[in-house]
Amino acid sequence: MAATFAAYVVAILVRQEANPVPAVVGPAGRLLVTQFLGVLPVALLLHGIDRGDAFAEEVALRHAGRRNLALCVAFAALAVVLTMVVHLAWDRPEAVSLARNCVGFLGTALIVRTLLGPGIAMICVAALPLACAVAGRRPGGSAQPWAWPIQEATSLLGIGEAAFLFATGCALALWRNRPLLDPLARTS
């Protein structure tokens with residue numbers, strides 16, 4: 001929760017600050033700080049979800065999937081509420097982009113976590129905004145439809161894609177706590 005608040009404070013302070021990134025197609029682009037700022041709270045949440053032993057959680061009386069789902073929905077709700085507060089109080093449209101990316105990054109992390117484990121999920125989420133900034137631009141400089149993290153803040157397509165990833169990730173987290181394949185898992 002503290003990392004999410006900190007991300008929004010940074011979003012208020014930095015406004016439209018951007019880092020230049022090379023582009024595969026078209027002119028070199030830029031990646032707004034608010035477009036990759038959501039990686040930190042998502043990585044911390046994912047780390048917190050995966051603190052326990054997956055094998056022990058499967059036989060526990062409590063249902064880890066429901067607990068994880070509640071944490072993820074609470075995180076998304078916090079991101080949306082903070083976005084409304086920041087956007088209304090300081091008129092920062094980039095806060096909408098931050099919330100969209102927080103929710104989308106979490107959905108992506110939950111999907112990859114279910115397939116390949118938490119370690120690779122964190123790597124994928126950290127690389128996602130940079131990969132979209134490098135390869136997700138059209139020759140004119142606008143974002144490709146699939147590159148939702150770098151689309152305009154008010155893009156309904158980007159918001160819809162992030163919401164779809166979040167819903168899919170939450171469904172997978174509820175369905176399966178242990179990854180199908182975990183190449184980075186420590187073996188005893």
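Is D91 buried or exposed? At a relative accessibility of 57%, above the 50% cut-off, D91 counts as exposed. That residue is a handy place to start a tour of this structure, which is a predicted model.

D91 sits in the loop that links α5 to α6. Its backbone has a positive phi of about 50 degrees, even though D91 is not a glycine. As background, most residues other than glycine have a negative phi.

α5 is built from 27 residues and covers 38 Å between its first and last C-alpha, close to the 39 Å expected at 1.5 Å a residue. Several of its residues are buried, among them A64, N68, C72, F75, A79, L82 and V86.

## The central core

The largest nonpolar core holds 46 residues, and within it Y8 and L106 have the most contacts. At least two core residues come from each of α1 (2–14), α3 (39–49), α5 (64–90), α6 (94–116), α7 (118–135) and α8 (156–175). The largest share belongs to α6, with 11 residues. In general terms, nonpolar side chains tend to be buried together in soluble globular proteins.

What does Y8 touch, leaving aside its neighbours within four places in sequence? Y8 is in contact with A79, L82, T83 and V86, and also with A95, L98 and A99.

## α6 and its partners

α6 has 23 residues and spans 31 Å from first C-alpha to last, close to the 33 Å expected at 1.5 Å a residue. Of those 23 residues, 20 are buried, so α6 is largely enclosed by the rest of the structure. Just after α6 comes G117, with a positive phi of about 100 degrees.

| Helix pair | Angle between axes | Distance between axes |
|---|---|---|
| α1 and α6 | about 150 degrees | 10 Å |
| α3 and α7 | roughly 175 degrees | within 10 Å |
| α6 and α8 | roughly 35 degrees | within 7 Å |

Let us begin with α1 and α6, whose angle is about 150 degrees. Angles over 145 degrees count as roughly antiparallel, so α1 is roughly antiparallel to α6. α1 passes α6 in a right-handed crossing.

The α6 contribution to the contact includes V96, R100, V103, L106 and I111, and α8 supplies residues including I159, A162, L165, F166 and L172.

## α3 against α7

The axes of α3 and α7 cross at roughly 175 degrees, and the two helices are therefore roughly antiparallel to each other. On α3, V39, V42, A43, L46 and H47 make the contact. Their counterparts on α7 are P118, A121, M122, V125, A126 and P129.

Leaving aside neighbours within four places in sequence, E94 is in contact with A11, R15, Q16 and T34. E94 and L32 are 62 residues apart in sequence, and their C-alpha atoms are 8.8 Å apart in space.

R15, one of those contacts of E94, belongs to the loop between α1 and β1 (18–21). Although R15 is not a glycine, it has a positive phi of about 55 degrees. R15 counts as partly exposed, at 46% relative accessibility.

W148 is found in the loop between α7 and α8. W148 counts as buried, because its relative accessibility is 5%. Not counting residues up to four places away in sequence, W148 touches R100, N101, G104, F105, T108, L128, G158, E161, A162 and L165. Among these, R100, G104 and T108 of α6 and G158, A162 and L165 of α8 also take part in the contact between those two helices. The C-alpha atoms of W148 and G48 are separated by 26 Å, and the two residues are 100 apart along the chain.

How values were computed: Residues are numbered from 1 along each chain as its sequence is written. This is a predicted model: local features need pLDDT of at least 70, side-chain atom pairs count only at pLDDT 80 or more; totals for chains, interfaces and linings use all residues. Side-chain values use heavy atoms; hydrogens and water are left out. A nonpolar core is a set of buried Ala, Val, Leu, Ile, Met, Phe, Trp, Tyr and Cys residues joined through side-chain atoms within 4.5 Å. Buried means under 20% relative accessible area, exposed over 50%, partly exposed in between (1.4 Å probe, protein chains only). Helices (H or I, at least four residues) and strands (E, at least two) are DSSP runs, numbered from the N terminus. Contact means heavy atoms within 4.5 Å. The expected span of a helix is 1.5 Å times one less than its number of residues. Axes are lines fitted to C-alpha atoms, for helices over the stretch in contact, and angles run from 0 to 180 degrees between N-to-C directions. Angles under 35 degrees count as roughly parallel, over 145 as roughly antiparallel, 65 to 115 as roughly perpendicular and the rest as oblique. A crossing is left-handed if the near helix is turned anticlockwise from the far one by less than a right angle, and right-handed if clockwise.
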